[in-house]
Amino acid sequence: MQYYLIKEYYNQAKFTILGDPNQAITNMVNYDSMEKVKDIMGGKSKLLKLQTTYRSSYEITKFCNSILNLNNVNMINRHSDEVKIINTDKIKVVNILKQLIEDSFKSGFDSVAVLCENKEEALIIKELLKDLKTTKKLYILPVYSSKGLEFDSVIVYDENLSK
C-alpha cells in the first residue's frame with residue numbers, strides 16, 4: 001500500500017528501492033511481494049537480486065541459508081567461529097549465558113548482544129544476568145529492537161529450546 005501511495009503521489013518521479021527481504025523481522029516481505037512492488041511502480045521497473053552477502057561471515061551466512069532454505073546466496077571469504085546451538089534446561093541457562101558472554105569478551109569482542117523473542121523475555125534475562133560484571137558493552141534486547149544495530153558477538157536466547 002505504501003508503494004502504491006508513493007507512486008500515485010509522486011507520479012512523475014523516478015525511484016530506486018533497495019532492500020533485503022531475508023533481513024526482514026516479520027514474514028510480511030518475501031520475493032513474491034518484491035515482484036508486486038515492481039508491478040506497482042510500473043514503467044521500466046526492474047527487479048535485481050543481489051546474491052552476495054558482505055555483512056556476515058561465511059559460517060553465519062551458511063547457518064542462515066540453512067534455516068531460510070536458501071542456496072543462492074554467495075558468501076565472502078571472511079570466517080568466524082561456527083554457529084553453536086546449545087540446548088539446556090532453564091536451571092543451567094544462566095550459567096551458560098554468563099560463560100558465553102565472558103568467553104566472547106575474552107576473545108576480544110567489545111560488544112555482545114543477547115537477543116530475546118520479546119521485551120518481557122529480555123527483562124527476565126537482564127534480571128538473571130544482573131550480577132554479571134563487565135566494563136564492555138553488553139546488550140540484552142528483543143530481536144525486533146536489534147534491527148540495524150551491529151554487535152561483535154550475538155547470542156540468541158530462545159526459551160522454547162530450554163526445557
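Tutor: Let's start with Lys136, which is partly exposed, with a relative accessible area of 33%. Keep in mind that this is a predicted model. Asp110 is partly exposed too, at 48%. Lys136 and Asp110 form a salt bridge, and their closest N and O atoms are 3.9 Å apart. Now look at where the two residues sit: Lys136 is in the loop between α5 and β4, while Asp110 is in the loop between α4 and β3 (111-116), so this pair ties together parts that are 26 residues apart in sequence.

Why would two such side chains pair up at all? Side chains of opposite charge can do that when their charged atoms come close.

A search of the whole structure turns up four salt bridges. Another of them joins Lys62 and Glu82, with 4.0 Å between the closest N and O atoms. This one links distant parts of the chain: Lys62 belongs to helix α3 (residues 58-68), Glu82 to the loop between β2 (74-75) and α4 (90-106), and the two are 20 residues apart. Lys62 has a relative accessible area of 37%, which makes it partly exposed. Glu82 is partly exposed as well, at 47%.

Asp131 and Lys98 meet through their side chains in a salt bridge, 3.0 Å from N to O. Asp131 lies in the loop between α5 (119-128) and β4 (137-142), and Lys98 in helix α4, so the pair ties together parts that are 33 residues apart in sequence. Are these two partners buried or exposed? Asp131 is partly exposed, with a relative accessible area of 46%. Lys98, on the other hand, counts as buried, because its relative accessibility is 17% and the cut-off for buried is under 20%.

So let's stay with α4 for a while. Its 17 residues, at 1.5 Å a residue, should span 24 Å, and the end C-alpha atoms are 25 Å apart, which agrees. Which residues of α4 are buried? They are Val93, Val94, Leu97, Lys98, Ile101, Ser104 and Phe105. If you look down the helix axis, these buried residues fall within an arc of 130 degrees, so they line one face of α4. There is a handy rule to go with that: an α-helix has 3.6 residues a turn, so residues three or four places apart point the same way.

What does the buried side pack against? The buried residues of α4 pack against β3, α5, β4 and β5 (153-156). Turn to the face away from that side and you'll find the exposed residues Ile91, Asn95 and Lys106.

Setting aside its neighbours within four places in sequence, Ser104 is in contact with Phe109, Val112 and Ser153. And just after α4, have a look at Gly108, which takes a positive phi of about 105 degrees.

Technical notes:
Residues numbered from 1 in each chain as written. Predicted model: local features only at pLDDT ≥ 70, side-chain atom pairs only at ≥ 80, totals over all residues. Heavy atoms only, no water. Helix = DSSP H or I, 4+ residues; strand = E, 2+ residues; numbered from the N terminus. Buried < 20%, exposed > 50% of the residue type's maximum accessible area, 1.4 Å probe, protein only. Expected span 1.5 Å × (residues − 1). Arc of directions from axis to C-beta. Contact = heavy atoms within 4.5 Å.
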